[in-house]
Each structure stands twice: as C-alpha cells, then as structure tokens.
Amino acid sequence: MPRSGRREGRRRGRRGSKTVVNLVLGIICLLWLIPTLGLFVSSFRPATEILKTGWWTIFPHQEYAAKDRIQLPKDTDLRQPIEVNGKAYTDDQLRSGVKAPDGSELIWENRRARTIDVRELGWRMDTNYTLDNYASVLTGKEYEIPKPDGTVSKERGSNLNRAFLNTMTVAIPSTIIPILIATFAAYAFAWMRFPLRKTLFVIVIMLLVVPLQVALIPILKDYTSLGLNGTFLGVWIAHAGFGLPLATYFMYSYISQLPKDLFESAFMDGASNFTIFTKLILPLAVPSIASISIFQFLWVWNDYLVSLVFIGSQPDVQVLSMRIANLVGSRGNDWHLLTAAAFVSMLMPLAVFFSLQRYFVRGLLGGSVKG
C-alpha cells in the first residue's frame with residue numbers, strides 16, 4: 001500500500017477512535033444528567049404534583065385532563081354496575097379508568113363522594129412550579145398536602161440550617177488537617193533522608209487497603225475512654241486519619257517529580273527544610289493540593305457512617321447526610337422535601353468543585369510524566 005494511503009488509513013482510524021470515545025463519554029454524561037435533572041425539576045414541583053405525575057411531564061406530552069365532573073347519587077351501590085351517561089361500568093373499571101363511547105375517559109375523582117371525572121386526551125406541559133419546597137426545608141415552614149379523600153394534611157418541613165452549619169464545621173477542618181499533614185509527609189518521604197523512610201512509606205501505602213469499618217469500633221472505644229466521643233474534635237481526628245494514606249500517596253506522586261535542581265539550589269543558598277517547604281513546595285503543589293482537597297471535601301461532606309459513629313445523631317450535632325436520611329425514614333412519601341434537601345446538600349460541593357476546577361486536571365496529571 002502506498003505511504004499516503006497508510007497515512008490516510010491511520011487518520012481515519014484515529015477519527016473513528018475519537019468518535020467512539022466521544023460517544024461513550026456522551027452516553028455516560030447523559031446517564032448521569034437524566035436523574036440529576038429529574039431531581040432538580042422535582043425539587044420545584046408542588047407536593048401534590050410529585051405524588052401524581054413524573055417529572056418528565058414538564059416536556060410536551062399527551063395526557064388526559066379533566067373537562068367535566070359527574071356527581072352520582074350518594075346512595076349509589078358500588079357493588080352493582082354503575083350507570084354513567086346511559087352506560088354501565090364496574091367499580092374496578094372506574095378505578096383504573098375506562099374509555100367512553102365519545103373517546104373521553106371516565107375515572108373516579110373521589111370514590112367516597114361518588115364523583116367521576118370526565119377526561120379528554122390532549123397535548124399538555126406541566127408548568128406548575130413553587131419555591132415552597134425549599135422554604136419548608138430551609139426554614140421549617142408548614143405546608144399542606146390535599147389527600148384523595150378531600151381532607152388536607154398539615155406537615156412541617158425540616159429546618160436544615162443547623163445541619164448545614166454542622167456539616168461545614170465537620171468538613172472544613174477534616175479537609176485542611178489531613179491535606180496539610182499529608183503535604184508535610186510527602187515532602188519528607190520524597191526529599192528528606194531519615195531512618196526507616198521507605199519502611200514508613202510502605203506502611204502508609206498499605207493503609208490504603210484497610211477497610212474503614214474495621215477501625216471504627218476500636219477507635220470508638222479509645223474515644224470513649226478519652227472523652228472525645230460525641231465531639232467535633234473526635235470526628236476531625238477520625239476523618240484526618242482515614243484520609244491521610246490516600247492524600248500522602250497523592251501528594252508524594254507530585255512532589256517527588258519536582259526537579260532536583262530546585263532543592264539543590266535552595267540548600268546551597270542556606271534554606272532550611274521548612275523554608276523550602278513553605279516557599280517552594282506549597283506554591284508549586286497548589287494544583288495537586290486543590291485536586292486532593294476536592295476528593296477529601298466531597299468524601300467528608302457526603303459521609304454518613306463516620307459522623308454517625310463519632311458524633312451521634314442528636315439534632316444539635318446532626319450533619320446533612322443524617323438529616324436527609326431521617327427525612328427518608330420518617331416521611332417516605334414527601335419527595336418534595338427529599339429532592340429539595342438533596343439539592344441544598346449539593347450546593348457546597350458544587351461550589352468547591354467549580355471554584356477549584358482549573359486546578360483539578362493539572363493536579364491529576366501532575367507527576368504522571370517527567371520533564
């Protein structure tokens with residue numbers, strides 16, 4: 001085959017590979033965005049609409065809508081065929097909806113009150129939105145939910161302000177402490193010489209494979225004897241310990257690839273290790289620090305198990321993950337509160353990620369290649 005033909009074949013192969021990669025990435029993004037979009041839309045829908053229809057009704061679709069209502073006699077026997085507009089139907093048919101001769105649909109509006117809706121098919125789009133869900137979640141506002149029997153149930157939302165502040169109190173120190181210690185340790189393992197350096201580094205790496213759950217009970221016993229159980233200091237130390245192995249390895253991968261000439265020049269100028277760390281390492285390692293900080297912050301922010309074990313589930317110390325879990329347990333049908341609470345809990349992680357995203361890829365790639 002001529003050389004030009006081979007080059008053209010390689011170009012076509014690269015274009016084909018790029019198309020396949022882009023297609024796979026597009027499918028993955030779509031699979032992630034669809035449920036997220038559904039959650040977002042549901043958080044703005046009234047409680048009654050969420051219980052009746054799916055979030056996708058915001059798009060144009062064909063749907064039956066009531067155009068008339070029929071009031072049957074109060075003494076209508078539902079065990080016998082029910083006559084509606086000159087035609088008899090059973091109770092089961094009216095429960096599920098039955099098509100009338102004129103093409104409309106007949107369905108119970110309120111079986112106990114003996115009222116039937118006459119619905120017709122047409123193109124519709126749900127545009128009924130509200131901010132009451134967020135008001136109920138953030139301020140504990142009282143809301144009403146109409147029930148099928150015509151009664152109205154009054155409920156009070158869950159005020160998440162305290163849980164939000166508790167989560168911030170846990171997440172910020174639990175991110176700063178291990179990242180700072182890990183950066184010091186990574187510099188020491190990479191560029192300082194001391195006894196058992198390699199052995200200690202191997203031990204740190206081995207800790208990556210230790211399941212977090214294995215350490216919970218022994219640490220809890222120690223915390224109880226030291227009086228740290230149920231305190232924010234205790235959960236800070238726990239999160240720092242669990243996050244240190246990965247953070248140390250990640251920072252070591254970056255710092256160990258920095259040019260050796262930098263350190264030799266600094267030592268020749270009389271700089272101490274602390275000066276080198278603060279004046280050289282920290283400024284150069286900002287992308288890597290930002291990347292591992294995102295991972296650590298997201299893990300701590302969404303953590304449920306560690307916070308539950310070490311600070312408990314009392315309302316004054318609950319974090320967001322616990323509070324949302326309680327919403328699921330106590331109000332399994334209140335999807336309007338659950339969806340709004342979920343998006344409230346996502347605000348801070350999204351803000352952290354987008355504010356540090358320019359460092360994210362640089363930090364992940366840092367240390368992967370030399371030169």
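Let's start with two helices: α9 (residues 260-268) and α10 (residues 273-284) pack at an angle of about 145 degrees, and their axes lie 10 Å apart. Here an axis is a line fitted to C-alpha atoms, for helices over the stretch in contact, and angles run from 0 to 180 degrees between N-to-C directions. On the α9 side, L262, F263, A266 and F267 meet N273, I276, L280, I281 and L284 of α10, where contact means heavy atoms within 4.5 Å. Sorted by class, this contact has 8 nonpolar residues, 1 polar residue and no charged ones. (Ala, Val, Leu, Ile, Met, Phe, Trp, Tyr, Cys and Pro count as nonpolar, Asp, Glu, Lys and Arg as charged, and the others, Gly among them, as polar.)

A word on what you're looking at: this is a predicted model, where local features need pLDDT of at least 70 and side-chain atom pairs count only at pLDDT 80 or more, while totals for chains, interfaces and linings use all residues. Residues are numbered from 1 along each chain as its sequence is written, and side-chain values use heavy atoms, leaving out hydrogens and water.

Now the whole chain. It has 14 helices and 8 strands; these are DSSP runs numbered from the N terminus, helices being H or I with at least four residues and strands E with at least two. Of its 371 residues, 38% count as buried, meaning under 20% relative accessible area, with exposed being over 50% and partly exposed in between (1.4 Å probe, protein chains only).

Next comes an open sheet. Its 4 strands run in the order β1-β6-β5-β4, with antiparallel pairing. The edge strands are β1 (61-71) and β4 (98-99), each pairing on one side only. Two strands pair if DSSP finds at least two bridges between them.

| Strand pair | Sense | Bridges |
|---|---|---|
| β1 and β6 (residues 115-124) | antiparallel | 10 bridges |
| β5 and β6 | antiparallel | 5 bridges |
| β4 and β5 (residues 105-110) | antiparallel | 2 bridges |

You can trace some of the partners yourself. R69 stands opposite D117 in β6, and V98 stands opposite L106 in β5. L106 also has a bridge partner in β6, namely V118. As for the hairpin, β5 and β6 form it with 4 residues between them, and R114 in the turn has a positive phi of about 60 degrees.

Last, take a look at M206 in helix α6 (residues 197-206). M206 is exposed, with a relative accessible area of 52%. The C-alpha atoms of M206 and P245 are separated by 8.3 Å, although the two residues are 39 residues apart along the chain.
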